[in-house]
Amino acid sequence: MTTSPSAAPGPQVRQVVRDLPAYVPGRPPAPRPGVTTYKLSSNENPHDPLPGVLEAAVEAAGRMNRYPDMGCTELYAALADRLEVPVTRLAAGTGSVAVLYHLLQAFCEPGDEVVYAWRSFEAYPIAVAVPGAVSVQVPLTADARHDLDAMAAAVTDRTKVVIVCSPNNPTGPSVRRAELEAFLDRVPPHVVVVLDEAYREFVRDQDPFDGVEVHRSRPNVVAMRTFAKAYGLAGFRVGYVVAAEPIAAAVRACALPFGVSSVAQAAAVASLAREPELFARVEALVAERARVAGTLREQGWDVPDAQGNFVWLPLGDRATDFAAAAERAGVMVRPFAGDGVRVSIGEPAGNDVLLEVAAAFRA
């Protein structure tokens with residue numbers, strides 16, 4: 001018997017894709033007459049592009065009829081010089097999250113395990129699930145830090161990758177070098193350890209680690225970085241890893257051809273050439289972070305150690321209520337229902353509005 005076309009089943013999406021959690025981006029504020037609004041929901045750099053960077057991007061945009069350099073030649077050369085690593089240890093992608101996707105695709109079979117702290121970057125569960133791997137989420141400590149002892153204990157024969165997010169997004173604390181080294185000593189050498197350093201330029205903690213330095217003596221360690229945060233290129237999407245040559249080659253092999261645009265590559269190279277001015281802006285954001293976090297603590301808030309360009313308010317079930325109150329005042333923050341609210345460090349005027357909302361919310 002022939003099945004009629006109308007009764008035939010349609011294409012079936014993989015179950016793992018149907019079950020993927022949705023990534024929730026920070027919402028921009030809606031324009032409101034008479035109200036100045038601020039977006040403090042996406043951990044963006046609030047400063048305009050540096051003049052030289054903007055010019056490089058505009059010049060590259062003039063060649064939009066040509067494909068980008070798939071080999072990222074100039075970008076890899078600039079990074080290799082800046083980080084003192086061979087070009088063969090580099091792999092770039094459209095943001096560090098894309099590079100993580102490629103790495104997990106390269107190393108994880110269905111059923112393999114990926115260990116990471118939770119709550120942490122909400123793209124991790126999605127990236128892990130796409131290749132059919134299994135997330136092993138290890139709860140943070142009471143002070144919102146990675147529980148590295150528990151993470152080491154969670155590694156099994158099925159573990160292929162471990163992710164350490166430092167500073168941790170969205171809670172803020174960073175992992176210190178001594179505790180990281182002790183943790184790495186407990187991880188089997190065949191397990192890839194990804195050090196997600198998206199916010200490393202903002203760290204002012206004691207005993208910080210440098211993922212590139214750590215990777216030099218540990219072939220299973222990968223340093224993952226981005227131009228989106230401190231460098232202010234969130235709109236251009238370019239991130240990279242520094243890894244042992246076999247790992248970097250595997251990431252490049254899984255990458256989307258021509259993924260990093262010509263404009264993104266040019267802007268990233270120009271940003272590396274202008275780091276003194278760029279890092280002066282970072283220092284100003286760090287100072288503003290200290291002001292915001294200090295004022296919140298004076299108001300009575302329990303703010304974890306803030307080492308990124310954001311602060312965390314552990315509001316639990318009141319997270320969405322706080323976000324709604326902030327939105328009414330013209331400030332968009334990022335609520336995590338049932339856990340807390342992450343607030344990016346933005347323009348001082350916007351931070352001031354946020355502090356007013358926070359004070360009133362506790363009253």
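Where does Pro167 lie? Pro167 sits in the loop between E5 and helix H7 (177-186). This is a predicted model, in which local features need pLDDT of at least 70, side-chain atom pairs count only at pLDDT 80 or more, and totals for chains, interfaces and linings use all residues. Residues are numbered from 1 along each chain as its sequence is written, and side-chain values use heavy atoms, with hydrogens and water left out. Helices (H or I, at least four residues) and strands (E, at least two) are DSSP runs, numbered from the N terminus.

**The sheet**

- Seven strands form an open sheet: 7 strands in the order E2-E8-E7-E6-E5-E3-E4, with mixed pairing. Two strands pair if DSSP finds at least two bridges between them.
- Strand E2 (90-93) and strand E4 (134-139) stand at the edges, each with a single partner strand, so one side of each has no neighbour in the sheet.
- From one strand to the next, the twist averages 25°. Axes are lines fitted to C-alpha atoms, for helices over the stretch in contact, and angles run from 0 to 180 degrees between N-to-C directions.
- Strand E5 (residues 159-165) pairs with strand E6 (residues 192-196) in the parallel sense, over 5 bridges. Cys165 has Asp196 in E6 as its bridge partner.
- Helix H3 (residues 73-83) lies across E2, strand E7 (221-226) and strand E8 (239-242). H3 runs at about 130° to E2. Contact means heavy atoms within 4.5 Å.

**Backbone exceptions**

- Most residues other than glycine have a negative phi, and most peptide bonds are trans.
- Ser166 and Pro167 are joined by a cis peptide bond, with omega about -5°.
- The peptide bond from Trp118 to Arg119 is also cis, with omega near 20°. Arg119 is in the loop between strand E3 (113-118) and helix H5 (123-129).
- Asn43 has a positive phi, near 55°. Its place is the loop between strand E1 (38-39) and helix H2 (51-61). Asn43 is buried (under 20% relative accessible area; exposed is over 50%, partly exposed in between; 1.4 Å probe, protein chains only), at 1%.
- Cys72 has a positive phi as well, near 50°. Cys72 is in the loop between H2 and H3. Cys72 is buried, with a relative accessible area of 3%.

**Surface**

- Phe258 is in the loop between helix H9 (245-254) and helix H10 (262-273). Phe258 counts as partly exposed because its relative accessibility is 37%.
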